[in-house]
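User: I would like to learn how to read the features of a structure such as this one, step by step. Could you show it to me first and then take me through what stands out?

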Amino acid sequence: MIYFNAIYFLGVLGLFCDTNNDKNKVFLYYVLLILLIFSALRVNVGFDYWNYVDLINGVQDSDRIERFSKLFIDISNYLEEPQIFFILNSFIFVFFMSWGLKKFNSLDGVSLFVFLTFPL
């Protein structure tokens, strides 16, 4: 529950980011960095966390996994650290989300808020 409250808090902080101002752009980058840290260092969050850990440890068969996820699973298995998988996934996710916000949107803070608080 604390994890979800932190994500909503980041979304509210993102609302105050008017990216026409350089200080607010830096603030938005800090919000995205905190989002990356929260999403990369999660442990036992989500219903499929232990399934991914089992895939990384070789307990389950990973033939039905997508190519990039399979690559990240192999890297995590090679390094013998399951958290690497979640760090790589979170980095890719936050990177492309922030790239899309910068490139295609003029109201970055509002878009970040909607993105973080919209239940999918």
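**Reading a pocket**

Analyst: The second largest pocket is lined by Tyr29, Leu32, Leu33, Leu36, Phe91, Val94, Phe95, Ser98, Trp99 and Lys102, and the elements that give two or more residues to this lining are H2 and H5. Please keep in mind that this is a predicted model, in which local features need pLDDT of at least 70 and side-chain atom pairs count only at pLDDT 80 or more, while totals for chains, interfaces and linings use all residues. Residues are numbered from 1 along each chain as its sequence is written, and side-chain values use heavy atoms, with hydrogens and water left out.

User: What is the volume of the second largest pocket, and which element gives the largest share of its lining?

Analyst: The general idea is that rolling a probe the size of a water molecule over the atoms shows where empty space is left. A pocket is an open set of points on a 1 Å grid over the protein atoms alone, where a 1.4 Å probe fits, with protein on both sides within 12 Å along at least five of seven lines, and lining residues have an atom within 4 Å of a point. A volume is the space filled by probe spheres set on the points, which are joined across faces, edges and corners. Here the second largest pocket has a volume of about 170 Å³, and H5 gives the largest share of its lining, 6 residues. By class, that lining has 8 nonpolar, 1 polar and 1 charged residues, where Ala, Val, Leu, Ile, Met, Phe, Trp, Tyr, Cys and Pro count as nonpolar, Asp, Glu, Lys and Arg as charged, and the others, Gly among them, as polar.

User: How many helices and strands are there in the protein chain?

Analyst: Helices (H or I, at least four residues) and strands (E, at least two) are DSSP runs, numbered from the N terminus. The protein chain has 6 helices and 0 strands, and of its 120 residues 32% count as buried, where buried means under 20% relative accessible area, exposed over 50%, and partly exposed in between, with a 1.4 Å probe and protein chains only.

User: Which residues make the nonpolar surface patch?

Analyst: Patches are made of residues with over 30% relative accessible area and no salt bridge, nonpolar side chains (Val, Leu, Ile, Met, Phe, Trp, Tyr) being joined within 5 Å and like charges within 9 Å. In this model Val26, Tyr30, Leu33, Ile37, Leu41 and Ile87 make a nonpolar patch of about 550 Å², and helix H2 (residues 22-40) gives the largest share, 4 residues. Ile87 has its place in helix H5 (residues 83-104) and counts as partly exposed because its relative accessibility is 32%.

User: Which side chains meet in a salt bridge?

Analyst: A salt bridge is a side-chain nitrogen of Lys or Arg within 4 Å of a carboxyl oxygen of Asp or Glu, and by this rule the count comes to 1. The side chains of Asp74 and Lys70 meet at 3.2 Å, N to O, and both residues lie in helix H4 (residues 67-79), 4 residues apart, about one turn of the helix. Asp74 is partly exposed, with a relative accessible area of 37%, and Lys70 also counts as partly exposed, at 27%.

User: Where does Glu80 lie, and what is its phi near?

Analyst: Most residues other than glycine have a negative phi. Glu80 has a phi near 55 degrees, a positive value in a residue other than glycine. Glu80 lies in the loop between H4 and H5 and counts as exposed, because its relative accessibility is 70%.

Terms used: Accessible areas come from the Shrake-Rupley method with a 1.4 Å probe; for residues, only the protein chains shown count as cover.
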